[in-house]
Amino acid sequence: MNSKKVIFQVHRISKANREEVLEKAEKDLAAVRDQHISRLVKELQGTDFWKLRRAYSPGVQEYVEAATFFKFCQTGTLLNLDEINASLLSLSDPSLEPLQINLLDYLLGLADLTGELMRLAIGRISDGEVEYSERICQFVRDIYRELTLLVPLMDDGSDMKTKMDTMLQSVVKIENACFSVRVRGSEYIPLLGSSDPSSFLVGVSDAEL
C-alpha cells in the first residue's frame, strides 16, 4: 500500500514541480524500505525465507515497481536487481544470510512498471511533452523485447507469461499515442481519453489508464 502511494506521488510529476515531487517520493520510498521492508527482513532472518517467498512476494513486487518507477523518472534509467538488493543489505544482521529479492519477483515488478510508464507517457502527451513520451516508449519497448527472450526459458514463469500480454498492450498504447500525435499534430491531444470514434483510447477503461 505504501509503495503504491509512492507511485501515485511520482505520477504528479510535471516540468513545473519535478524536483519537489521527486524529493518527496524519494523520502517516501526510503520510508517503505526502512519501516516495512526492514520488518520483513527481521521477521524472516534465520529462516529458510526462499520457501516463504509466496507469502511476501506481492508486497516485494510492488516495492520493485515503485523503486524502478522512481528511478526512471529521476534519471531515465533502469534500477537493476543488484542495486535494489544492495540497498537492502544494511537492513540485515551481517552475521546472517541477508534477505534478497529474487529474480522472478524483480521481473514481475518490472512487468508492472511498464503499465505505470504507459500511464505516464499518456499524461505527458496530454501536457505536450511528446518527445519525453517517445523516450518512455522506447524504454518500454526495450524491456518488452528483452523479456520476450527470457520468459520462455523460465520454469516458474506462469505469472510472468500472463503479464507479458498486458505489457504488449502498454507498448501498443504508447506507440499509437505517439504516432497519432506526430501524424495529426497537437489537434490530436484533446482526444486522449475521449469517446471520439477516431481516438485510439476508445474501449480502454479508466481502470486501465
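Student: Is Cys 178 buried or exposed?
Tutor: Buried means under 20% relative accessible area, exposed over 50%, and partly exposed in between (1.4 Å probe, protein chains only). Cys 178 has a relative accessible area of 5%, so Cys 178 is buried. A word on the source: this is a predicted model, where local features need pLDDT of at least 70 and side-chain atom pairs count only at pLDDT 80 or more, while totals for chains, interfaces and linings use all residues. Residues are numbered from 1 along each chain as its sequence is written, and side-chain values use heavy atoms, leaving out hydrogens and water.

Student: How many disulfides does the whole structure have?
Tutor: A disulfide is a pair of cysteine sulfur atoms within 2.5 Å. A search of the whole structure finds zero. The closest cysteine sulfur to that of Cys 137 is in Cys 178, 5.0 Å away, which is too far for a bond. Cys 137 also counts as buried, because its relative accessibility is 5%.

Student: How do I read two packed helices?
Tutor: Two packed helices are described by the angle between their axes and the distance between the axes. Here α3 (residues 53-75) and α5 (residues 103-126) pack at about 45°, with axes 7 Å apart. Helices are DSSP runs (H or I, at least four residues), numbered from the N terminus. Axes are lines fitted to C-alpha atoms over the stretch in contact, and angles run from 0 to 180 degrees between N-to-C directions.

Student: Which residues does Ala 25 contact, beyond its neighbours within four places in sequence?
Tutor: With contact meaning heavy atoms within 4.5 Å, Ala 25 touches Val 6, Gln 9, Val 10 and Phe 70.

Definitions and conventions
Helices (H or I, at least four residues) and strands (E, at least two) are DSSP runs, numbered from the N terminus.
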